[in-house]
Amino acid sequence: MANARALDKRRKSVRNIRKITRTMELIATARFKKAMDRATAATAYTGRITQVVSDLAQAGLQVSHPLLEARESKENALLLVLTANRGLCGGYNGSIVRLAIPHLTNLRNEYGRVALEVSGKRGINALGFRGLEADESYLHFEDQPKFVEVEEIADRYLEDFASGRLDRLDVVYTRFVSISRQVATVETLLPIGSLDGTDDDPKAKPGDAAKDAGGAAGDGDSMYEFLPSAESILEEVVPASFRVKLFKCFLDAAVSEQIARMVAMKSATENAGEMIKQLSMTYNRARQSQITGEIMEIIGGVEALG
Amino acid sequence: MAQLNCIVVTPEETAVDEQTDFVALPLYDGELGIAPGHSPLIGRLGYGEMRIRSGGNVQRFYVDGGFVQVDENVVSVLTNRAVPAGKLDASEAAELLAAAQKKPATSPELEEIRDKAVVQARAQLHVAKRA
């Protein structure tokens with residue numbers, strides 16, 4: 001039978017661990033709520049951008065922009081991988097890295113030069129371990145990515161794309177579907193496939209709207225007055241929608257990270273509780289058998305004396 | 001009297017959502033005032049000061065490009081940033097302007113980027129000084 005004292009010690013340390021994991025769970029919950037609020041706020045923005053685009057389409061404007069067109073040349077591609085700075089969040093970082101590596105290999109076969117950019121310490125380490133050094137790495141994105149910071153990166157990509165230094169931009173991140181479901185996904189952000197915000201609302205495709213409007217465009221009637229002109233606004237809408245798409249990726253990643261951590265810590269806390277139960281039982285048994293043993297010894301001694 | 005519902009959204013938050021009497025916005029080429037009953041409009045914003053008047057109260061913001069959509073007495077402003085004028089720091093804006101002016105302008109693209117940064121910083125400085 002195990003030593004009762006050793007068991008007690010072990011139980012104490014498990015209890016401490018449970019305290020820590022429980023606290024981490026609570027912290028993750030609080031952060032998740034904050035991150036979620038921000039993500040919802042961003043949805044208001046994307047919704048309105050989509051609205052403007054569909055209004056533009058209704059004005060009979062052909063939705064075309066350099067950012068929307070696929071490139072012939074396959075020279076430069078860029079893969080942006082969004083991971084967390086910290087671990088203890090279950091399979092969150094692992095699934096991203098597992099998705100990113102084969103995708104990177106594919107891109108490298110297809111394109112002449114593929115740059116790799118990674119956000120998050122975990123991803124940098126995991127990819128570095130596999131011999132994939134990041135060309136650019138970001139460590140400053142935590143649970144509340146700032147738009148200004150994302151905008152900086154987005155503007156650099158836009159500039160590179162416009163000047164031909166970049167032909168394709170893919171982002172690997174964890175997409176937030178619902179609170180109980182987050183999926184690691186690869187999304188091509190440049191060239192922009194469609195302008196329907198970040199929501200996968202199939203009926204809100206402006207491409208279709210443009211076609212529909214194409215028929216009605218003959219009369220060219222739109223109730224809106226465009227200042228300065230619909231084309232000029234479109235020119236501005238497309239980059240804005242790209243920026244907000246990229247921002248949304250960061251927000252989704254942040255929300256998903258907190259959820260992953262919350263879930264991981266919750267199950268860790270539950271496991272620790274179960275372990276404590278088990279240990280308590282073994283400890284009680286060990287203690288009881290120790291006492292029984294001692295009593296037997298005393299009785300034996302008394303009998304030997306008598 | 002009819003009122004305008006003014007909604008200002010940035011990617012990070014909904015900065016303003018309230019009933020107002022009058023909204024003045026910096027368009028790409030000058031200021032635009034919107035009173036209740038304005039005709040539907042989609043416009044491109046520049047950098048500068050947005051004023052929202054409700055009652056005798058005037059709120060002032062610095063807006064950083066974007067769009068405005070006016071429809072049925074609803075003014076939706078989509079912008080990258082909407083900073084209350086009181087929160088802008090004139091000295092910081094001046095530094096931004098100085099930094100923007102020092103940017104290289106050796107090619108047409110770079111020149112464009114520099115000009116944009118300069119205009120942006122100037123507008124910030126202007127709004128900050130008025131606060």
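These questions and answers concern helix packing and the chain contact in a predicted model. Local features need pLDDT of at least 70 and side-chain atom pairs pLDDT 80 or more, while totals for chains, interfaces and linings use all residues. Residues are numbered from 1 along each chain as its sequence is written, and chains are lettered from A.

Me: Is α4(A) parallel or oblique to α6(A)?
Reply: Helix α4 (residues 147-162) of chain A packs against helix α6 (residues 230-305) of chain A at about 125°, with axes 9 Å apart. Axes are fitted to C-alpha atoms, for helices over the stretch in contact, and angles run from 0 to 180 degrees between N-to-C directions. Under 35 degrees counts as roughly parallel, over 145 as roughly antiparallel, 65 to 115 as roughly perpendicular and the rest as oblique. The angle therefore makes α4(A) oblique to α6(A).

Me: Which element gives the most to the side of chain A that touches chain B?
Reply: The contact (C-beta atoms, placed from the backbone, within 7 Å) takes 24 residues from chain A and 21 residues from chain B. Elements giving two or more residues to the chain A side are α1 (4-58), α4, β6 (225-227) and α6 of chain A. With nine residues, the most comes from α1(A).

Me: What is the bridge partner of A:Leu227 in β5(B)?
Reply: Strands here are DSSP runs of E with at least two residues, and helices are runs of H or I with at least four, numbered from the N terminus. Strands pair if DSSP finds at least two bridges between them. Three bridges join β6(A) to the parallel strand β5 (residues 41-54) of chain B. For A:Leu227, the partner in β5(B) is B:Gly43.

Notes: Contact = placed C-beta atoms within 7 Å.
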